[in-house]
Amino acid sequence: MNLAAKPKSFQHITVLLNEAVDALNIQENGIYVDGTFGRGGHSRLILSKLGEKGRLVVFDKDPQAIAVARDLAAQDARVSVVHNGFSHFQAALDELGVAKIDGALFDLGISSPQIDDASRGFSFRFDAPLDMRMDTTRGQSAADWLAVASEDEINEVIKNYGEERFSRAIARAIVAQRGETPIDTTSKLAKIAAQCVRTRERGQDPATRTFQAIRIFINRELDEIQAVLPQAVERLNLGGRLAVIAFHSLEDRLVKQFIRQYATHAPLPKWAMVREADLPQPPLRAIGKAIKASAEEVAANPRARSAVLRVAERTAGRFDFQAA
């Protein structure tokens, strides 16, 4: 019996499961979007709260996640599946005939199955082809990009998306190394980072920030977040909720700034003869403070320790947006 031929199963523990779904304030016959299906933890809980006339649209880039989502859709007619990124949010809803929604949930970043599957090339813990694409059916792999990018481009990516102090040294070493042999495996990239990162945070591998940065760049993760937030708000019904779980500061900063921008008025000059109560209503209302995983959840799932959930509700305020 060839055990290696068996399909692999990777455990995925949904982060902030109840908190995120509760934040959506599910209406029995509402229409909701799970923007990052993953393995369907949030989606299944949403479905359990929906009635027969409710509807759930799920998005994901990952073909493996989409396969799970399509299995769910085959069992539940309320589910529609979109194999695409956030930037196609409005176009996908148009194709499905969905004009307005009652809530949208986005669980950002990378999932446990993606990290734990060595063949995906996301983790420096395994020696594997350096791919890093969430959608393996399209786009440029990390290895392909590193083979052609300039030293300046590599430096900018690692510095901006990884906040790595030694980005220039890493970029220089990558360019020098690829002149001798392709940097086409995770171990080759991790070795370069280990040689260049002279100091690091306690408990953090020297390759952590480099791998994070290249993954974010290859998958356009921050661009996708910036693209989808206004699209989601534009589609929300009055009282509809936007809930976003972020896992690192770059993601959370975008979400926090977006909600703050559309949930508050710009400061009035001292000479303005207008009361704040007379100003037009902002299109969003922030719901509570940022929510983090409990000590119990972090103990059960250490990957939840950096998760931050932010929630906003659509008001009757005007929201001007044109999809690109």
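Author: Buried area is the accessible area, taken with a 1.4 Å probe, that two parts lose on being put together, summed over both. The model discussed here is predicted.

Reader: How much area do domain 1 and domain 2 bury between them?

Author: The domain assignment gives domain 1 as 17–112 + 221–314 and domain 2 as 122–219. Of the area buried between domain 1 and domain 2, 51% is on carbon and sulfur atoms. The total is about 1,200 Å².

Reader: Which residues in domain 1 lose the most area to domain 2?

Author: The contact involves 15 residues of domain 1 and 14 residues of domain 2. Three residues in domain 1 together account for 43% of what that side buries. They are Lys61, Ile110 and Glu221.

Reader: How far apart do the C-alpha centres of domain 1 and domain 2 lie?

Author: Domain 1 is assigned in two segments, 17–112 and 221–314, and domain 2 in one, 122–219. The distance between the C-alpha centres of the two domains is 30 Å.

Reader: How many salt bridges are counted between domain 1 and domain 2?

Author: Side chains of opposite charge can pair when their charged atoms come close. Between domain 1 and domain 2, five residue pairs are in polar contact. For salt bridges between domain 1 and domain 2, the count is two.

Reader: Which helices each supply at least two residues of the side of domain 1 that touches domain 2?

Author: Between the two domains there are two salt bridges and five residue pairs in polar contact. On the side of domain 1, the helices that each supply at least two residues are helix 11 (221–235) and helix 12 (249–263).

Reader: With which residue does Glu221 form a salt bridge?

Author: Glu221 has a relative accessibility of 7%, under the 20% limit, and therefore counts as buried. The closest N and O atoms of the pair are 2.8 Å apart, and the partner of Glu221 is Arg215.

Reader: How many residues apart in sequence are the parts that the pair of Arg310 and Asp252 ties together?

Author: The side chains of Arg310 and Asp252 meet in a salt bridge of 2.7 Å, N to O. Arg310 lies in strand 8 (residues 308–314) and Asp252 in helix 12, so the parts tied together are 58 residues apart in sequence.

Reader: Is Arg310 buried or exposed?

Author: The limit for a buried residue is a relative accessible area under 20%. Asp252, the salt-bridge partner of Arg310, meets that limit at 14%. Arg310 has a relative accessible area of 17%, so Arg310 is buried.

Reader: Which residues do salt bridges that share partners join into one network?

Author: The count of salt bridges comes to 19. One of them joins Asp131 and Arg133, with the closest N and O atoms 2.8 Å apart, and both of these residues are buried. The network joined through shared partners consists of Glu151, Asp152, Arg168 and Arg172.

Reader: Which backbone oxygen lies 2.8 Å from a polar atom of the side chain of Arg235?

Author: Arg235 is placed in helix 11 and, at 7% relative accessibility, counts as buried. Its side chain is joined to that of Gln90 by a polar contact of 2.7 Å. Leaving aside residues up to four places away in sequence, Arg235 touches residues including Phe89, Leu93 and Asp94. The backbone oxygen at 2.8 Å belongs to Val98.

Reader: Where is Gln114 placed, and is Gln114 buried or exposed?

Author: In its unreviewed entry, UniProt lists Gln114 under "binding site", along with others including Asp60 and Asp107. Beyond residues up to four places away in sequence, Gln114 touches Asp62, Arg120, Phe122 and Met134. Gln114 lies in helix 5 (residues 112–116) and, because its relative accessibility is 5%, counts as buried.

Reader: What is the relative accessible area of Gly41?

Author: Gly41 is another residue that the unreviewed UniProt entry lists under "binding site". Gly41 is found in helix 2 (residues 41–49) and touches Thr14 and Leu17, not counting residues up to four places away in sequence. Gly41 is partly exposed, and its relative accessible area is 22%.

Notes. Residues numbered from 1 in each chain as written. Predicted model: local features only at pLDDT ≥ 70, side-chain atom pairs only at ≥ 80, totals over all residues. Heavy atoms only, no water. UniProt positions renumbered as here; feature names shortened; annotations may be inferred. Helix = DSSP H or I, 4+ residues; strand = E, 2+ residues; numbered from the N terminus. Buried < 20%, exposed > 50% of the residue type's maximum accessible area, 1.4 Å probe, protein only. Contact = heavy atoms within 4.5 Å. Domains from an automatic or database assignment. Salt bridge = Lys/Arg side-chain N within 4 Å of Asp/Glu carboxyl O. Polar contact = N/O pair within 3.5 Å; in protein donor to acceptor, adjacent residues only side chain to side chain.
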